[in-house]
Amino acid sequence: MSQYWSDILNSLTPYKAGEQPQNRTYIKLNTNENPYPPCKKSIEKIKDLASDELRLYPDPEANQLKKAIADYYNVPKDAVFVGNSSDEVLALSFLSFFQQKEPILFPDLTYSFYPVYCSLYNIKFECIPLTENFDIEIKDFARTNGGIIFPNPNAPTGKYLETSKIETLLQQNQNSAVIIDEAYVDFGGESCIFLTAKYPNLLITQTFSKSRSLAGLRVGFAVGNPELIDGLNRVKNSFNSYPLDRLAIGGAVEAILDREYFDRCCNLIIKTREWTKEALESLGFYIVPSQANFLFVKHHHYSGKFIYEQLKNRGILVRYFDKDRIREFVRVSIGTIEDMKTFIDAIEIIINLPE
Ligand SMILES: *Cc1c(COP(=O)(O)O)cnc(C)c1O
């Protein structure tokens, strides 16, 4: 607290990102980063762009990147919005669409940034409980609302909802914006971007941080009806005209163009995820079915906190959430196959410790 602060700061509880330790090197399986490097052409481009030209502002509309994304998804360029990370795109979306009379709806277990944006912007919200199996039940969202948002696949569960179910949701909910956060859709799910042409209230957000190995570059985007995109542009141009720098625009364009490398990395991660799942199952873990680059798992005997702490002592970081319904779980990002073998070896030791 400080006398200089605006009033709203006193009621804010900021988002807490997963640990990014700077002191020792861990095997990092806690923030869903990609274990593989960005594509070579991205790095080359970024090196190229680190030049005298940096004295000039970037293109405020990042047209080159919008065009690359529009071509990739076969949508018009004015259906694409880009920003400095998908967290930023989400923050601008909450401000653009969710300040309504009615509360917005999201699942009780979901990306924990959503309630933070709500407190930042004074947006009312209601949490809709997932089923016992962590499924999103579409009919539970059939109530008056100021908007709906959830990730697909969901976080931190990794559970994927079929696009046909999302279409059902859109049919029953036409009077408020629906945002599907597809941060993890490239690891086995299908994107709902094809539905944006049909449903003018649908906005899809995605990020370069997970499937394109560029968490350090901070690039995210949204696809939706040009009316929604126009709204986002108004807010963006009232906040920061140049959210993407020259290096980010150039690096992200190359990442979109290199489909072959992208497919190879995603397939490797999916394969490693399935290997890890089987190894954990044979060690007495329950695993939530995942279409993401992480597994949400619990042991039949040991608590999430115990597993988290024991792994940390052994130089492996996973994510533990001290929250109702999920205290028994840890979330494990999928690393390289070598990382996951080290992880499984450590788990084997931990569950066989004398009590
Ligand atoms: C990682 C993540 C994001 C944020 O991605 P950035 O582009 O790195 O900000 C958004 N939504 C969900 C569900 C995520 O897990």
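I started with Ala-215, which sits in the loop between E7 and E8. Strands here (E, at least two residues) and helices (H or I, at least four) are DSSP runs, numbered from the N terminus. I noted that this is a predicted model, where local features need pLDDT of at least 70, side-chain atom pairs count only at pLDDT 80 or more, and totals for chains, interfaces and linings use all residues. Residues are numbered from 1 along each chain as its sequence is written, and side-chain values use heavy atoms, with hydrogens and water left out.

Buried means under 20% relative accessible area and exposed over 50%, with partly exposed in between (1.4 Å probe, protein chains only). Leaving out residues up to four places away in sequence, I see Ala-215 touching Glu-33, Phe-208 and Ser-209; contact means heavy atoms within 4.5 Å. I also checked Pro-38: its C-alpha atom is 9.5 Å from that of Ala-215, though the two are 177 residues apart along the chain.

Next I went to E7. Six of its six residues are buried. In a regular strand the side chains alternate between the two faces of the sheet. Here Leu-202, Ile-204 and Gln-206 point one way, and Leu-203, Thr-205 and Thr-207 point the other.

Which strands pair with E7? E6 (residues 178-181) runs parallel to E7, with four bridges, and E8 runs antiparallel to E7, with five bridges. Strands pair if DSSP finds at least two bridges between them.

Among the buried ones in H6 are Leu-228, Ile-229 and Leu-232.

Then I searched the whole structure for aromatic pairs and got 22. Rings of Phe, Tyr and Trp (its six-membered ring) pair if their centres lie within 6.5 Å; planes under 30 degrees apart count as stacked, over 60 as edge-to-face and the rest as tilted. Phe-296 and Phe-329 are stacked, at 4.6 Å centre to centre and 10° between the planes. Phe-296 is in E10 and Phe-329 in E12, so the pair ties together parts 33 residues apart in sequence. Both are buried.
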